[in-house]
Structures are given as C-alpha cells and as structure tokens.
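Please look through the sequence and the structure shown here before reading on.

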Amino acid sequence: MPTRRRALALLAGSATALALAAAPPALAHDRPFGRHGSPARRRDRATLYVDAHGRGDHTTVQAAVDAATGTGHTLVIAPGTYRETVDIPAGRTGLTLIGASGDPRDTVIVYDNANGTPRPDGSGTYGTSGSATVTARPAGLTARDLTFANDWLRADHPDYAGTQAVAVKVTGDRSAFFGCRFLGHQDTLYADSASLTDFARQYYRDCYVEGDVDFVFGRASAVLDRCHFRTLTRTDLAAPPYGFVFAPSTAGADPHGFLVLRSRVTGTAPDGYVKLARPWVPSSDLTAHPMLTVRDSHLGAGIDTDEPYGTMSAGFPWQDQRFAEYRNTGPGARVTVPANRPQLTRAEARDHTPAAWFGEWRP
C-alpha cells in the first residue's frame with residue numbers, strides 16, 4: 001500500500017518524489033542556492049537563504065519568514081522537501097520566494113491537513129482555510145519556481161466529511177506566481193482576498209495546478225495565464241461528475257473574478273466526466289456574484305460539453321452568474337448545447353484582458 005506521499009506523487013504526473021532526487025548539476029558541489037548567492041556571498045541584506053541541510057540561514061521556510069521582518073525581503077530556498085505549514089503575515093509586504101534550482105519540482109513545500117483534521121489543541125477541526133499548507137497574506141508577494149502541495153488523501157480517512165485540503169491560500173493584492181506548481185485534490189489553489197471589499201489582484205503565469213473538486217477557487221480578481229490545469233480521476237466514484245476545475249466566489253461589487261487565458265485543461269478522468277466550473281456562493285456572502293471567463297484556451301476531452309457548468313447551491317444557479325467563454329479549442333470546447341456555453345462577443349472580449357483586470361499594476 002503506497003504512503004500518502006507516494007500516492008500523491010503517482011497521481012501528479014511528474015512525481016513529487018522527483019523533488020527528493022539529487023540536486024541538478026548546477027546546484028552540486030555545495031552550491032545549494034545556484035546562481036542566487038549564499039550566506040557567504042549574500043546578494044544583499046534583504047536576502048535570506050533556506051536549506052533543510054543547514055547550509056543556509058534557516059532550515060525551514062517558516063523560520064525564514066519569521067526572520068524577514070519589514071518589507072522587500074527575498075527568500076532563496078534550496079532544493080528539497082520542506083514538510084511544514086507556512087503562514088506569511090500581511091506585514092511581509094513585497095516578499096519574494098524563489099526555488100533556487102529554477103525547476104519547481106526540486107523545491108516542494110508540503111503538508112497534509114484537511115478541513116476535517118482535528119486540531120492538536122482539541123478546539124475543533126482546521127476547516128478549509130486552516131488546512132492550507134501555505135497561507136500567503138501580504139500584498140506584493142512574488143513566488144517563482146516552487147511547488148506547493150497538500151498530500152492529504154481521502155482514501156486514508158474515509159470517515160472525514162471535510163475533505164477540502166488546500167495547498168496554498170493567497171489573499172494579498174498584487175500577488176504573482178511564476179512557474180509554480182500547485183498539487184492536491186479538493187480545493188488545491190485558494191485564490192482569495194482578505195475581505196469582501198478587498199479586490200485582491202493576483203497573477204499566475206506558466207503554472208501547473210492539479211486536483212479534482214473545485215481545485216481553483218476563491219474570491220480574488222485572478223488572471224491565470226498560460227497555465228496547465230490537470231484533472232484527476234476519482235477512484236472513490238463510479239459515475240460523473242468527478243469534479244470541477246474552477247469555483248469562483250467573486251464579491252458582487254467586484255467587476256473582475258477569474259480570467260483564464262492561453263491555458264489548457266487536461267486530465268486522467270474519462271471523457272466528459274469533469275465540469276469546467278461551478279459558482280461558489282458561500283454562506284458568509286450571499287451577495288457573491290461569481291465570475292469566470294475562459295478564453296483562448298485548449299479544453300481536453302474530460303470536460304462535459306453538454307453541461308460544462310454545474311450549480312453548487314440551490315438558489316444560485318450558474319446561469320445567474322458571470323460565466324463566459326471565448327475562442328476556446330479542443331474536444332472539451334465543442335458547443336453542443338449553445339444555451340449552456342455562453343460566449344463573449346469580440347467587442348466584449350476586449351474588456352476581458354489582464355490590463356482590464358489589473359489597472360495600473362504590471363506584474
């Protein structure tokens with residue numbers, strides 16, 4: 001029987017286990033930080049080095065976050081698997097996290113809490129937000145070439161009702177992730193904001209996200225550009241749907257929700273077994289008006305073409321939300337029931353761009 005770490009690795013396509021392999025040549029010979037310097041040759045006072053084997057300033061990511069008080073710090077993280085939870089306070093504005101090798105498979109931050117996991121102090125369970133391996137609160141955060149994972153598995157806990165298990169929760173405005181990987185099953189990437197009135201702009205470029213149920217979700221004004229979304233097979237289910245890729249919960253006053261462009265959706269699920277999205281109207285915000293635009297993207301055969309959208313809560317059907325598509329390709333993009341695939345006009349598509357989402361910010 002595989003361990004839950006190995007099971008997630010097997011599901012991941014390019015296994016998390018690869019991150020445990022020997023460092024690539026560029027980082028060999030006591031150069032765990034590659035071209036990014038070292039404690040002996042520090043780029044500047046604002047740069048801190050993390051290495052699980054003790055060759056940096058800190059051996060855990062959380063310890064480095066705690067030490068990076070103020071603004072504008074950079075954490076260079078050596079290859080390895082960092083099995084810990086990380087909470088980045090809002091005061092660490094302008095923080096940058098870098099995977100030293102340049103390959104996100106080499107540097108993995110992973111833990112295995114779920115919504116239903118009991119807290120050690122007996123105060124209840126973690127809940128969805130509390131399950132996050134990494135919680136990123138500050139404005140202006142940037143992450144490059146890292147893997148964020150939650151390797152909790154349903155099969156290990158058949159008695160759990162709360163199976164949401166977040167890899168990373170991001171709430172800060174002007175947060176940007178480049179070349180990162182987000183691994184999990186349900187609720188993998190939580191792109192959110194700090195409050196209903198905080199329209200957090202977030203950018204994900206050249207990233208890989210995998211999961212099954214609502215694995216990209218939240219309230220952020222998020223652009224996901226040139227990303228790869230991979231749907232996983234549900235071994236505990238015999239019939240569709242296996243899950244949903246997107247579940248936005250955009251605040252009603254926010255003109256911008258999720259914008260997915262120049263991306264692709266693939267997966268291991270059978271043809272037509274996955275919904276593209278469903279709206280999330282949380283009980284804490286019944287005024288939410290979820291928004292999702294998927295444009296200029298390739299949708300694989302796993303997407304249900306007849307009914308690509310689902311409804312999460314009675315009284316909030318997807319048809320009443322802000323869902324649209326434009327110029328998508330692939331077998332999952334076929335329009336078999338036009339009423340179920342709202343399309344932007346060319347004129348409308350001009351307003352669904354990163355520039356419209358971000359205003360003066362240029363990530």
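## Terms and basis

A residue is called buried when its relative accessible area is under 20%, exposed when it is over 50%, and partly exposed in between, with a 1.4 Å probe and protein chains only. By that rule cysteine 180, with a relative accessible area of 1%, is buried.

The model is a predicted one, in which local features need pLDDT of at least 70 and side-chain atom pairs count only at pLDDT 80 or more, while totals for chains, interfaces and linings use all residues. Residues are numbered from 1 along each chain as its sequence is written, and side-chain values use heavy atoms, with hydrogens and water left out.

## The parallel sheet

Helices (H or I, at least four residues) and strands (E, at least two) are DSSP runs, numbered from the N terminus, and two strands pair if DSSP finds at least two bridges between them. An open sheet of 8 strands runs in the order β3-β6-β9-β12-β15-β18-β21-β24, with parallel pairing. Its edge strands are β3 (80-83) and β24 (298-299), each of which pairs on one side only.

Strand β15 (residues 208-211) shows how side chains are arranged: Tyr208 and Glu210 point one way, Val209 and Gly211 point the other way, and all are buried. In a regular strand the side chains alternate between the two faces of the sheet. Strand β12 (residues 181-183) pairs with β15 in the parallel sense over 2 bridges, and phenylalanine 182 has valine 209 of β15 as its bridge partner. The parallel pairing of β15 with β18 extends over 4 bridges; tyrosine 208 has histidine 228 of β18 as its bridge partner, and glycine 211 has threonine 231 of β18.

## Salt bridges

A salt bridge is a side-chain nitrogen of Lys or Arg within 4 Å of a carboxyl oxygen of Asp or Glu, and by this rule the count comes to 23 salt bridges. One of them joins the side chains of glutamate 210 and arginine 230 at 3.7 Å, N to O. This pair links distant parts of the chain, with glutamate 210 in strand β15 and arginine 230 in strand β18, 20 residues apart, and both residues are buried.

Another joins aspartate 173 and arginine 201 at 2.9 Å, N to O. Here aspartate 173 lies in the loop between β10 (168-170) and β11 (175-178), and arginine 201 lies in strand β14 (residues 201-205), 28 residues apart; both are buried. Asp173, Arg174, Arg201 and Glu360 are linked in a network of salt bridges. Arginine 205 and aspartate 206 also meet in a salt bridge, at 3.3 Å, N to O, but arginine 205 is partly exposed at 25% relative accessible area, and aspartate 206 is partly exposed at 43%.

## Nonpolar cores and cysteines

A nonpolar core is a set of buried Ala, Val, Leu, Ile, Met, Phe, Trp, Tyr and Cys residues joined through side-chain atoms within 4.5 Å. Of the 61 residues in the largest nonpolar core, Phe148, Phe177, Phe182, Tyr204, Phe229 and Phe246 touch the most other members. A second, separate core of 10 residues includes Ala176, Val223, Leu261 and Met291.

A disulfide is a pair of cysteine sulfur atoms within 2.5 Å, and a search of the whole structure finds 0 disulfides. The cysteine sulfur closest to that of cysteine 180 belongs to cysteine 207, and at 5.1 Å it is too far for a bond. For cysteine 207, which is buried at 3% relative accessibility, the closest cysteine sulfur is that of cysteine 227, 4.7 Å away and too far for a bond.

## Loops and local backbone

Histidine 256 lies in the loop between β19 (243-248) and β20 (258-261) and counts as buried because its relative accessibility is 18%. Leaving aside neighbours within four places in sequence, histidine 256 is in contact (heavy atoms within 4.5 Å) with Ala220, Ser221, Thr250, Met291, Ala356 and Trp357.

Most residues other than glycine have a negative phi, and most peptide bonds are trans. Arginine 226, in the loop between β17 (221-225) and β18, has a positive phi of about 55° and is partly exposed at 39% relative accessibility. Arginine 327, in the loop between β25 (322-326) and α4 (346-349), has a positive phi of about 50° and is exposed at 52% relative accessibility. The peptide bond from proline 240 to proline 241 is cis, with omega near -5°, and proline 241 lies in the loop between β18 (228-231) and β19.
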